[in-house]
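Here is a short briefing for a reader new to this structure. Look over the sequence and the model, then read on.

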Number of protein chains: 2
Amino acid sequence: MSIATYPIQRVPHHDVVGTLERGCQEHGLDPLANKLAELRLFLAHDLDEVDRAIASVGLGAEDAAGDPKPRTSTGLEGQTPAQESARHLLSQDGKRLRPIVVALAAHVGRGFSEAARTYAVAVELVHNATLLHDDVVDLGARRRGADAARVIYGNAASIFGGDWLLVEALCRIQRVGNAEVLARMLEVVKEMVIAESMQLARRGKLDTSVSDYFHIVDGKTASLFRWAMFAGARAGGVSDEGCEALVDYGKKLGVAFQLVDDVLDVAGDPEATGKTLLADLGEGKMTYPLLCALERCPELVPLLEAVCAGEEVGPEVGGRVASLLRSSGVVDECLALARRLCEEAIAGLSIIPDGVAKSALVTVARATPERRR
Amino acid sequence: MSIATYPIQRVPHHDVVGTLERGCQEHGLDPLANKLAELRLFLAHDLDEVDRAIASVGLGAEDAAGDPKPRTSTGLEGQTPAQESARHLLSQDGKRLRPIVVALAAHVGRGFSEAARTYAVAVELVHNATLLHDDVVDLGARRRGADAARVIYGNAASIFGGDWLLVEALCRIQRVGNAEVLARMLEVVKEMVIAESMQLARRGKLDTSVSDYFHIVDGKTASLFRWAMFAGARAGGVSDEGCEALVDYGKKLGVAFQLVDDVLDVAGDPEATGKTLLADLGEGKMTYPLLCALERCPELVPLLEAVCAGEEVGPEVGGRVASLLRSSGVVDECLALARRLCEEAIAGLSIIPDGVAKSALVTVARATPERRR
């Protein structure tokens with residue numbers, strides 16, 4: 001499918017492709033920035049459909065493509081705190097990376113069908129469901145540059161809001177009628193919950209192992225990327241072999257994505273990310289960059305221990321840690337690992353026929369380690 | 001199937017049938033108590049299987065009947081806080097009424113098959129998932145006569161524990177392979193969440209309407225009873241017409257069950273129920289008995305308003321309110337409504353062939369308004 005067949009449309013400024021594009025421009029990676037600009041146009045129509053569908057979730061109206069919204073038999077639907085809380089989060093600028101991944105996998109096959117759109121919406125709903133619960137668990141105050149839903153509507157509303165989005169997503173997937181896609185999502189949600197719970201068990205402990213870290217990242221982040229690739233590929237009618245290759249790409253991209261997230265947490269630009277430095281550590285979460293830091297900068301141990309134990313430190317401390325992690329090579333080492341994972345993800349695509357979709361997947365993988373928010 | 005074919009087995013003392021039986025004995029309803037004793041024997045084998053399967057949930061071992069426990073691909077399973085929290089709740093004495101209902105519906109057809117057992121376990125897991133989240137929402141300290149999971153393992157573990165049990169249940173239902181049974185469960189969970197959320201929106205408000213109350217009860221309680229009847233009936237190969245009749249029975253039984261629960265909250269014996277009086281109102285929840293009380297005992301309005309607004313009152317106040325609700329006829333009126341609902345539930349069984357299962361359903365419905373815990 002040629003890019004030229006897509007009309008130029010407003011692309012929401014929040015999508016991850018635009019972010020990647022600006023990141024590459026800022027870092028002088030113009031050829032990659034140009035490819036991302038092409039990718040934005042390629043996906044504009046699909047993402048617009050996804051955004052419209054997400055905007056109408058729970059409104060009881062027909063969604064963007066005319067799916068009748070199912071009504072429960074009790075007539076209880078409407079603006080309950082659960083739904084307000086969920087819609088608050090959905091209305092904030094999300095990266096929409098998971099729907100993008102579904103769309104690209106679908107384009108490897110026959111394109112962005114109705115089933116693919118349903119999966120793209122569902123994967124974003126599941127992601128948002130986990131954010132609602134995570135914010136209650138971590139007592140997070142801000143999300144996507146705005147007050148977290150729990151701050152506005154309360155913890156209870158966010159708990160039920162997460163429950164609701166999760167089941168809403170599962171209902172949508174189920175209606176497509178592919179039992180395997182649904183079964184995989186159920187297993188993925190279980191993996192996500194167990195990984196989050198394992199992270200919880202290690203909260204406040206600096207002595208997390210590298211293998212625990214990658215186990216947790218695979219469960220809490222990469223699992224949903226794997227599913228997004230699988231679901232998109234199945235919707236697009238991709239062969240079993242192609243599906244497997246795409247799932248493997250999703251797994252590696254997901255781990256790399258989380259690794260970059262964790263680098264940004266310790267050494268990103270707070271203005272760009274909208275998050276204070278060391279926020280994860282402040283919630284007691286050990287990440288790979290911090291594990292490297294403990295090894296390379298033993299002088300940081302007492303400070304990192306204190307933050308991990310919940311001691312509050314000013315932004316200047318975060319800034320100093322960030323400088324040290326940059327000068328000591330920790331940041332470069334972590335980004336090099338993310339790049340290696342992304343190159344492996346790309347190499348695994350060798351059995352996928354060349355074309356716009358494949359080159360878009362290559363672009364996304366190349367750009368992921370370059371993002372700055 | 002004759003009762004005589006069931007070996008006499010240890011019946012867990014906690015099951016709701018035993019409770020109903022003792023309730024009937026205490027109230028001089030000997031014929032009903034005798035029927036409940038028969039029912040206990042009739043279901044002993046099935047409930048034993050359910051209990052064994054529930055005891056092994058999440059242990060990674062094969063469950064009671066040899067279903068291999070699926071392992072996630074990340075190897076993250078084990079004793080995470082989510083799972084500890086869930087297993088703590090599951091190990092307390094639950095009433096197991098929902099599995100009983102699945103079993104009886106299955107016995108209307110070909111009996112308690114493997115599919116029926118899976119559904120019986122799943123319905124109990126979903127029920128427990130909602131309890132874990134409800135206790136976080138209501139900041140509940142006690143559950144089933146023990147510390148609530150959130151008190152021991154924390155709110156975060158209970159949130160993830162509820163998520164985990166829900167998805168564990170959905171996975172099990174999905175593996176049976178009946179898409180309609182799964183689709184109905186997904187819709188039911190959505191109804192439950194929305195009803196709980198609607199209840200949350202009305203927290204602290206005395207001016208709830210009767211129709212709102214019954215909407216909420218249908219969504220939060222009766223919906224799962226409906227599903228339990230449907231799933232059991234489908235597993236037993238009951239005809240579509242029979243299924244509908246059984247679902248209707250489940251709906252009415254569920255509403256009656258909740259109504260009795262709400263009566264026990266305002267006028268039960270705290271020793272028997274293990275709960276302090278007016279606990280629901282203390283959480284800001286209006287119930288039908290309280291709506292009747294506001295009408296019949298206007299002198300109670302200021303007190304009920306204070307409790308509903310969160311003011312703590314001693315147990316003697318609860319005792320005084322209970323006496324007044326008994327002497328003013330509120331308790332009798334509510335129990336009469338519960339009995340009427342149960343008689344309607346029984347009347348709706350007319351198309352079900354006579355037999356042990358049907359007479360057991362009649363017994364359960366007759367006994368429900370008599371329970372005292």
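**Helix packing at a glance**

H13(B) and H16(B) lie oblique to each other, because their axes cross at roughly 140 degrees. This is a predicted model.

**H13 and H16 of chain B**

- H13(B) covers residues 288-296, and H16(B) covers residues 330-347.
- Their axes come within 9 Å.
- The crossing of H13(B) past H16(B) is right-handed.
- On the H13(B) side, the contact uses B:Tyr288, B:Pro289, B:Cys292, B:Ala293 and B:Arg296.
- These meet B:Val330, B:Glu333, B:Cys334 and B:Leu337 of H16(B).
- By class, the contact of H13(B) with H16(B) has seven nonpolar residues, two charged and no polar ones.

**H10 and H17 of chain B**

- H10(B) spans residues 240-267, and H17(B) spans residues 356-367.
- The two pack at an angle of about 20 degrees, with axes 11 Å apart.
- That angle makes H10(B) roughly parallel to H17(B).
- H10(B) passes H17(B) in a left-handed crossing.
- H10(B) contributes B:Leu246, B:Tyr249 and B:Leu253 to the contact.
- H17(B) contributes B:Leu361, B:Val364 and B:Ala365.
- The contact of H10(B) with H17(B) has six nonpolar residues, no polar and no charged.

**H4 of chain B**

- H4(B) has 12 residues, 97-108, and should span 16 Å at 1.5 Å a residue.
- Its end C-alpha atoms are 17 Å apart, which agrees.
- How many residues of H4(B) are buried? The count is 12 of 12, so the helix is mostly covered.
- Among the buried residues are B:Arg98, B:Pro99 and B:His107.
- The buried residues of H4(B) pack against H1, H2, H5, H9, H10 and H17 of chain B.

**H4 of chain A**

- H4(A) also runs over residues 97-108 and has 12 residues.
- From its first C-alpha to its last, H4(A) reaches 17 Å, close to the 16 Å expected.
- H4(A) is mostly covered, with 12 of its 12 residues buried.
- The buried residues of H4(A) include A:Arg98, A:Pro99 and A:His107.
- What do the buried residues of H4(A) pack against? The partners are H1 (16-26), H2 (30-55), H5 (114-138), H9 (210-235), H10 (240-267) and H17 (356-367) of chain A.

Terms used
Residues are numbered from 1 along each chain as its sequence is written. Chains are lettered from A and ligands numbered from 1 in the order in which they are written. This is a predicted model: local features need pLDDT of at least 70, side-chain atom pairs count only at pLDDT 80 or more; totals for chains, interfaces and linings use all residues. Side-chain values use heavy atoms; hydrogens and water are left out. Axes are lines fitted to C-alpha atoms, for helices over the stretch in contact, and angles run from 0 to 180 degrees between N-to-C directions. Helices (H or I, at least four residues) and strands (E, at least two) are DSSP runs, numbered from the N terminus. Angles under 35 degrees count as roughly parallel, over 145 as roughly antiparallel, 65 to 115 as roughly perpendicular and the rest as oblique. A crossing is left-handed if the near helix is turned anticlockwise from the far one by less than a right angle, and right-handed if clockwise. Contact means heavy atoms within 4.5 Å. Ala, Val, Leu, Ile, Met, Phe, Trp, Tyr, Cys and Pro count as nonpolar, Asp, Glu, Lys and Arg as charged, and the others, Gly among them, as polar. The expected span of a helix is 1.5 Å times one less than its number of residues. Buried means under 20% relative accessible area, exposed over 50%, partly exposed in between (1.4 Å probe, protein chains only).
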